[in-house]
Amino acid sequence: MKQSAFILLVEDNEDFRLILQEALERSGFHVTAVANAMRAREAMTLGKFDLSLLDVRLPDGNGIELMREFRHSDPDMGIIIMTGYAEVDTAVDAVRLGANDFLKKPFDIDEMLVRIDELIKTRQIKADNKNLRELVRSQDQNTGLIGQCPAIQKLTETVSLLANSDSTVLITGESGCGKEVLAKALHKSGSRSGKPLVSINCGAIPEELLESELFGHVKGAFTGAVRARPGRFEIANGGTIFLDEIGDMSAKLQVKLLRVLQERCFEPVGSQQSIHVDVRVIAATHRDLEAEIAAGRFREDLYYRLNVIPLTLPPLRERGDDILLLTDHFITRFNQQKKADITGVSDEVKRIILNYQWPGNVRELQNLIERVTTLKRHGIMELEDLPSRMISDKERVLQSFRMDVENAECIDLKSTVDEFESHLILSALQRFQWNKNQAANFLAMNRTTLVEKIKKKGLQPTK
Ligand SMILES: Nc1ncnc2c1ncn2[C@@H]1O[C@H](COP(=O)(O)OP(=O)(O)OP(=O)(O)O)[C@@H](O)[C@H]1O
């Protein structure tokens with residue numbers, strides 16, 4: 001960023017201007033240096049700057065006036081005001097009126113470079129966050145599939161590539177990782193979007209009921225069938241059917257489904273008459289269907305019919321920073337829904353959610369954020385807002401020993417780490433009544449190393 005940042009320097013003192021320009025250019029910035037307000041205004045109309053360094057007293061005007069104009073024309077540009085030694089009030093006013101920072105003359109050039117660097121970095125982070133928010137908003141409106149990691153980007157591209165395809169799709173992925181979201185995105189982006197998308201969870205309905213749910217039944221087909229009822233395939237006619245948990249389907253229904261896929265026709269329960277339908281099939285499963293075939297539980301021919309376009313959703317733990325992106329998205333959504341004001345997550349929480357395994361995937365994250373917005377309502381999401389299962393033993397121990405570094409005068413790293421280590425070893429030994437094998441196991445170290453450390457540190461049982 002530093003190399004490509006553009007700076008507008010406005011300073012009437014020629015010597016000083018040259019010194020600043022040279023120092024900035026040596027640090028890799030592109031500098032436009034001018035001596036008065038008129039030239040500064042010209043420069044602003046001709047180019048775009050990341051940051052402007054403005055002297056207050058100019059021969060034809062005033063830096064504060066310029067700042068107000070620049071703020072108006074480019075609200076995102078960083079502005080640092082340079083004031084004379086006696087102009088502290090002016091500097092404070094400048095910040096109140098919109099400058100990001102001020103430097104009192106005479107100032108140290110290195111100090112100036114540090115401030116510029118910080119300002120440019122913060123602005124870059126803000127710009128990145130703004131771009132990400134816009135990306136999430138557009139993904140939310142378009143596919144509903146939020147994510148920036150390569151796997152999700154690829155899936156988003158595939159969704160648009162498949163927009164005019166009727167091919168059967170098989171989505172695999174762990175529970176809660178967004179298979180239904182992806183199915184909806186496929187349906188919504190395709191030519192069938194004006195027609196129904198009918199979903200059914202094949203794993204949640206008993207076999208006898210599932211057959212009539214899928215294919216319908218005639219009156220009197222079974223006890224309780226007091227009137228004829230169309231099945232989901234018929235209701236989905238012209239549109240899409242989403243068969244979730246297809247791996248849980250019984251052998252008998254697998255045969256019937258195979259026929260629908262081959263011939264697009266079936267008979268309702270209790271009927272001899274075939275019904276023809278025009279339905280696109282999207283199936284999903286969290287099971288490994290090839291293993292199910294090997295175990296004799298899933299038909300190979302059905303698998304090949306379903307697996308025309310295979311799409312795989314990675315588990316949340318493999319999506320890197322998407323975890324933070326989704327967290328932010330759910331915070332915004334639940335803040336709105338619940339009229340809450342959760343403003344973000346603490347650094348500790350960030351570290352934990354990035355390292356947690358998320359067995360329930362996006363659904364688990366969504367539920368967590370919903371709970372926090374409901375119960376906490378405002379402020380930053382902290383460690384205490386996380387369920388205990390998310391906090392590892394290591395984290396818990398570190399938490400109870402975490403030093404308040406900000407308030408400390410000075411910490412001797414080596415001796416502090418040494419004492420911390422002794423404390424942990426001693427606590428483990430006490431917990432296991434000085435049984436060194438058990439303590440070594442607990443500390444995930446080998447016994448010999450433990451014995452050496454006990455000796456070296458002179459640790460002894462307390463009497
Ligand atoms: N990438 C994503 N962006 C936004 N929301 C998501 C994303 N993935 C999943 N979700 C949300 O997480 C929840 C679970 O997603 P979904 O029901 O699609 O998962 P699934 O894989 O079909 O789960 P199951 O296997 O249990 O049926 C939903 O509320 C969904 O809106």
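**Notes on a predicted model**

1. Strand S3 covers residues 51–55, and strand S1 covers residues 6–10. Both names come from DSSP runs numbered from the N terminus, where a helix (H or I) has at least four residues and a strand (E) at least two. Two strands pair if DSSP finds at least two bridges between them. S1 and S3 run parallel and are joined by 4 bridges.

2. A word on what you are looking at. This is a predicted model, in which local features need pLDDT of at least 70 and side-chain atom pairs count only at pLDDT 80 or more, while totals for chains, interfaces and linings use all residues. Residues are numbered from 1 along each chain as its sequence is written.

3. Now follow S1 to its other partner. Strand S2 (residues 30–34) runs parallel to S1, with 5 bridges between them. Phe6 stands opposite His30 in S2. Together with helix H1 (residues 14–26), S1 and S2 form a right-handed β-α-β unit. Right-handed here means that, with the strands pointing away from the viewer, the path from the first strand over the helix to the second runs clockwise.

4. Is S1 enclosed or open? It is largely enclosed by the rest of the structure, because 4 of its 5 residues are buried. A residue is buried if 20 or more other C-beta atoms lie within 10 Å of its own, exposed if 12 or fewer, and partly exposed in between, with C-beta atoms placed from the backbone.

5. Asp55 in S3 has Met82 as its bridge partner in S6. From there, 4 bridges connect S6 to strand S7 in a parallel arrangement, and Met82 is partnered by Leu103 in S7.

6. Asp55 counts as buried because 25 other C-beta atoms lie within 10 Å.

7. Next, the wider layout. Which domains does the assignment give? They are domain 1 (2–128), domain 2 (166–313), domain 3 (318–401) and domain 4 (405–457), with bounds from an automatic or database domain assignment. The centres of domain 3 and domain 4, taken over C-alpha atoms, are 31 Å apart. UniProt, again in an unreviewed entry, places "domain: Sigma-54 factor interaction" at residues 145–374. That span is 44% helix and 14% strand, and its end C-alpha atoms lie 24 Å apart.

8. Which residues come nearest to the ligand? Of the 16 around it, they are Ile146, Gly178, Lys179, Glu180 and Val362. Being near means that the C-beta atom, placed from the backbone, lies within 6 Å of the molecule or strand in question. Domain 2 and domain 3 each give at least three residues to this shell, and helix H7 (179–189) and helix H15 (361–375) each supply at least two. The shell has 5 nonpolar, 7 polar and 4 charged residues. For these classes, Ala, Val, Leu, Ile, Met, Phe, Trp, Tyr, Cys and Pro count as nonpolar, Asp, Glu, Lys and Arg as charged, and the others, Gly among them, as polar.

9. Finally, some backbone details to check. The peptide bond from Lys105 to Pro106 is cis, with omega near -5°, and Pro106 belongs to the loop between S7 (101–104) and helix H5 (109–142). Trp358, in the loop between helix H14 (347–355) and H15, is a non-glycine residue with a positive phi, near 45°. Trp358 counts as buried because it has 21 C-beta neighbours inside 10 Å. Arg377, in the loop between H15 and strand S16 (378–381), is also a non-glycine residue with a positive phi, near 75°. Its 13 C-beta neighbours inside 10 Å are why Arg377 counts as partly exposed.

Definitions and conventions. UniProt positions are given in the numbering used here, feature names are shortened, and annotations may be inferred rather than shown by experiment.
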